Amino acid sequence: MKGLKVFGVAVAALLGLALVLAVVGWFNLRRDDIPYETLEAKYANAESEYAALPGGLRVHFRDEGNPKGPTLVLVHGFSASLHTWEPWVKALGAEYRIVSLDLPGHGLTRAPKGWTPSMEAYRDAVEAFARERGLTRFVLVGQSMGGNVAWEYALKHPERVTGLVLVGASGWPETRPEYAKGSPLAGPLSNPAGRFLLRDLDSTALVRKGLKSSFENDALVTDAMVTRYAELGRAPGHRDAVIDLALDFHKRNHATPERLKGLAAPTLILHGEKDLLVPVDHGRKFDVAIPDSTLIVYPATGHILNEEQASRSAADLDAWLKARAAKPPKRPTTAVQHDLPPSKADLMFY
């Protein structure tokens with residue numbers, strides 16, 4: 001009996017030690033929020049501006065390029081920021097006015113506590129931003145989740161969108177078996193206790209892994225890129241916003257042929273053949289469903305093709321915009337004109 005008591009005491013001591021080590025390890029892995037002022041000093045530049053929008057949003061944006069050129073409005077993807085568009089700004093800025101912005105919960109944009117992210121909330125934030133900046137007619141470009149925001153915006157505000165560009169755009173339901181159950185972290189994060197324990201842990205390793213899955217060429221994932229994503233993700237409120245978006249993916253009002261046939265704007269679809277996050281089949285679905293669309297598929301290219309194929313994709317966008325501008329206007333008619341869907345022979349594959 002005495003031996004059993006000693007054994008029990010020893011087990012209890014070991015469990016206590018394990019708990020202490022776990023708590024110490026958790027505290028060591030925790031990363032506090034980084035104040036916006038600190039992040040702005042590091043990641044804003046001379047072109048950075050801030051727009052105060054209704055509802056307490058303070059949107060970080062850049063208005064660059066040729067102020068007299070056609071206006072492009074660029075919307076980034078999930079957990080990214082407007083920095084992803086810098087290669088396109090450099091390539092296209094001589095001819096186009098390029099307005100890029102950080103969505104709430106991303107980059108340097110501030111949202112009030114309790115602001116709930118969704119595709120519809122982002123769509124409405126883009127509209128509020130366009131109104132505040134006096135943007136009446138523009139080409140709307142969206143990458144990944146930003147593509148979802150872009151086509152939702154084009155459906156609701158067709159009068160503003162002269163052209164729609166979807167870059168590795170999301171929005172179709174996820175049907176791949178390996179993603180059917182979602183992330184293994186979804187369960188713990190949907191629980192308040194699990195969320196508290198996991199939300200503030202160092203995400204650097206996960207960020208690096210995610211970025212490497214987003215590029216076919218791993219060499220493009222630099223330490224500076226990983227640090228930028230991880231640090232901007234620690235802005236106050238951003239971690240909760242990203243978690244909410246991830247948990248609510250299956251609740252979105254997904255794309256369907258019936259919804260997308262209402263898109264009136266000519267649409268350019270750019271997609272990487274090796275995209276592991278949004279399969280190229282989804283780009284082809286957009287092409288079939290959208291009445292006036294052109295699809296370009298890039299071989300040996302991953303999800304963030306606006307960086308991985310920056311020069312080529314920017315040149316393709318420029319060529320498409322000029323070709324659309326060169327098309328003669330339709331002859332006026334007093335009757336309702338029903339145009340036949342364009343031939344899908346305009347699909348290009350490099």
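Trainee: What should I know before we start?

Mentor: This is a predicted model, where local features need pLDDT of at least 70 and side-chain atom pairs count only at pLDDT 80 or more, while totals for chains, interfaces and linings use all residues. Residues are numbered from 1 along each chain as its sequence is written, and side-chain values use heavy atoms, with hydrogens and water left out.

Trainee: How many helices and strands does the chain have?

Mentor: The chain has 14 helices and nine strands. Helices (H or I, at least four residues) and strands (E, at least two) are DSSP runs, numbered from the N terminus.

Trainee: Why is Phe138 called buried?

Mentor: Buried means under 20% relative accessible area, exposed means over 50%, and partly exposed is in between (1.4 Å probe, protein chains only). Phe138 has a relative accessible area of 1%, so Phe138 is buried. Tyr153, at 0%, counts as buried too. Across the chain, buried residues make up 45% of the 350 residues.

Trainee: And what makes Leu247 partly exposed?

Mentor: Its relative accessibility is 25%, so it falls in the in-between range. Leu247 belongs to helix α10 (residues 238–247).

Trainee: What makes the pair of Phe138 and Tyr153 tilted?

Mentor: Rings of Phe, Tyr and Trp (its six-membered ring) pair if their centres lie within 6.5 Å; planes under 30 degrees apart are stacked, over 60 edge-to-face, and the rest tilted. Here the centres are 6.0 Å apart and the planes are at 40°, so the pair is tilted. Phe138 is in strand β5 and Tyr153 in helix α5, 15 residues apart. The structure holds six aromatic pairs, and ring pairs also link Trp151, Trp172 and Phe286 into a cluster.

Trainee: How do you know that the charged end of Arg58 sits over the ring of Tyr50?

Mentor: The rule wants NZ of Lys or CZ of Arg within 6 Å of the ring centre and within 35 degrees of the ring normal. The charged end of Arg58 is 4.0 Å from the centre of the Tyr50 ring, and it is listed as sitting over that ring.

Trainee: How do you know that β3 pairs with β4?

Mentor: Two strands pair if DSSP finds at least two bridges between them. Five bridges join β3 to β4 (residues 97–101), so they pair, and they run parallel. Val73 stands opposite Val99 in β4. On the way from β3 to β4 the chain goes through helix α3 (residues 86–92), in a right-handed β-α-β crossover. Right-handed means that, with the strands pointing away from the viewer, the path from the first strand over the helix to the second runs clockwise. β3 also pairs with β5 (residues 138–143) in the parallel sense, over four bridges.

Trainee: What makes β3 mostly covered?

Mentor: Five of its five residues are buried. Thr71, Val73 and Val75 lie on one side, with Leu72 and Leu74 on the other.

Trainee: Which strands pair with β7?

Mentor: β6 and β7 pair in the parallel sense over four bridges, and six bridges join β7 to β8, again parallel. The chain crosses from β7 through α12 to β8, and this β-α-β crossover is right-handed. β7 is mostly covered, with six of its six residues buried.

Trainee: What does Leu260 touch?

Mentor: Contact means heavy atoms within 4.5 Å. Leaving aside neighbours within four places in sequence, Leu260 is in contact with residues including Trp151, Trp172 and Phe286.

Trainee: What makes a group of residues a nonpolar core?

Mentor: It is a set of buried Ala, Val, Leu, Ile, Met, Phe, Trp, Tyr and Cys residues joined through side-chain atoms within 4.5 Å. The largest one has 42 residues, and Leu260 and Phe286 are among those that touch the most other members. A second, separate core of 21 residues includes Val89 and Trp320.
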